[in-house]
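Here's a quick briefing to read alongside the model. Have the viewer open and click through as you go.

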Amino acid sequence: MTKMKAVVIGGTHGIGLAIAESMTKRGAEVLVTGRNERNLESAAPLVAHALRSDLADMADVRALGPAVKESLGEVDHVFVNAGIAEGGPFESVTEESYDRQFAVNTKGVLFSTQQLIPLIRRGGSIVFTTSVADSGGTAGMSVYAASKAAVWSLAQVLAAELLPRGIRVNAVQPGFIDTPTAGVVGFTPEERAAFKEAGDLATPMRRHGTSEEVAEAAVFLALEATYTTGVKLPVDGGIGQGLTVLTDGS
Ligand SMILES: NC(=O)c1ccc[n+]([C@@H]2O[C@H](COP(=O)([O-])OP(=O)(O)OC[C@H]3O[C@@H](n4cnc5c(N)ncnc54)[C@H](OP(=O)(O)O)[C@@H]3O)[C@@H](O)[C@H]2O)c1
């Protein structure tokens, strides 16, 4: 039997690394990508392959398909997880911030996925990581929200386009998740603590989720949900579900 193979784009820490570790535990040969050398070095012992590939650099993106083919050959599951967020009120959004977020979250995600699709075997899948911010209106996250809405839109189109090839395409939609960056670039420790407290308060379950909780949902979509394509699975402690919670959620 051929060994299951998986790629995690943005798999060096946080949710992506948890996906990579879960897939490795299930017997897959896993390749993770990331940009930061130190993060790649710390992830390398935990996975079969760690590849430096900057989503914001089209030369790297164009080299991704050949590099993955050389390491893994064909693949079964691709998790397109990388993303960066920069917050702030709409009036303060700059062109540079827009370009940085769309370069990674949208352009890099789209063209990296395009590189890997020819390598995916029939019966395989793609799982994108969007965000609870991709719809519904999260204040202070305009550019990030728009970039993630584009990811979900892309996922739906690919679900339709790849159906004839027997490839399922789904997404996980995390709420507030406790990861090394909390998904947001450049927080001071104080800002991070305030963001965490606000996230806990806003979430019906009154806590952050863990990387592992998101990873298990992503792995479920890849491995178990064999009659499911074109869906977005919220992993958000109820924050995106319009719940009315009258207790403290404990
Ligand atoms: N944490 C949350 O609360 C939350 C909520 C909703 C959605 N999300 C989404 O979930 C995903 C993972 O979030 P996380 O909190 O686990 O983030 P994280 O800990 O910051 O990890 C992000 C991963 O993406 C990689 N990455 C970032 N920029 C990259 C680039 N230019 N090229 C290649 N790889 C790059 C990072 O690698 P390097 O750092 O090594 O470059 C890392 O492996 C993201 O798409 C995020 O938007 C997170």
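**The loop between β4 and α4**

S92 sits in the loop that joins β4 to α4. Keep in mind that this is a predicted model.

- S92 and G140 are 48 residues apart in sequence, yet their C-alpha atoms are 9.6 Å apart in space.
- A85 also has its place in the loop between β4 and α4.
- A85 has 1% relative accessibility, so it counts as buried; the cut-off for that is under 20%.
- Leaving out residues up to four places away in sequence, A85 touches Q101, M141, Y144, G183, V184 and V185.
- From A85 to F102 it's 17 residues along the sequence and 9.8 Å through space, C-alpha to C-alpha.

**Helix α4**

- How far apart are the end C-alpha atoms of α4? They are 30 Å apart, which agrees with the 32 Å that its 22 residues should span at 1.5 Å a residue.
- The helix α4 isn't straight throughout: it bends by about 45° at A103.
- The buried residues of α4 are S97, Q101, F102, V104, N105, T106, G108, V109, S112, T113 and L116.
- Cover for those buried residues of α4 includes β1, α3, β4, β5 (120-129) and α5.

**Helix α3**

- After α3 comes G73, which has a positive phi, near 75°.
- M58, D60, V61, L64, G65, V68 and L72 are the buried residues of α3.
- Those buried residues of α3 pack against β1 (5-9), β2 (29-34), β3 (49-52), β4 (75-80) and α4 (95-116).

**H77 in strand β4**

- H77 lies in strand β4, and at a relative accessible area of 5% it is buried.
- Which side chain makes a polar contact with the side chain of H77? It's the side chain of S125, at 2.8 Å.
- Not counting residues up to four places away in sequence, H77 touches a list of residues including M4, K5, A6, V7, M23, A222 and L223. G123, G124 and S125 are also among the residues H77 touches.

**The ligand site**

- The ligand is surrounded by 32 residues, and the closest are T12, N81, Y144, T179 and T181.
- Two helices, α1 (14-25) and α5 (142-161), each supply at least two residues of the shell around the ligand.
- D54 places a polar side-chain atom 2.9 Å from a nitrogen atom of the ligand.
- A polar backbone atom of A82 is 3.5 Å from an oxygen atom of the ligand.
- T179 has a polar side-chain atom 2.6 Å from an oxygen atom of the ligand.
- Taken alone, the ligand exposes 880 Å², and the protein buries 95% of that.

Methods. Residues are numbered from 1 along each chain as its sequence is written. This is a predicted model: local features need pLDDT of at least 70, side-chain atom pairs count only at pLDDT 80 or more; totals for chains, interfaces and linings use all residues. Side-chain values use heavy atoms; hydrogens and water are left out. Buried means under 20% relative accessible area, exposed over 50%, partly exposed in between (1.4 Å probe, protein chains only). Helices (H or I, at least four residues) and strands (E, at least two) are DSSP runs, numbered from the N terminus. Contact means heavy atoms within 4.5 Å. A residue is near a molecule or strand if one of its heavy atoms lies within 4 Å of it. A polar contact is a pair of N or O atoms within 3.5 Å; within protein, one must be able to donate a hydrogen and the other to accept it, and residues adjacent in sequence count only if both atoms are side-chain atoms. Accessible areas come from the Shrake-Rupley method with a 1.4 Å probe; for residues, only the protein chains shown count as cover. The expected span of a helix is 1.5 Å times one less than its number of residues. The bend at a residue is the angle between axes fitted to the seven residues ending there and the seven starting there.
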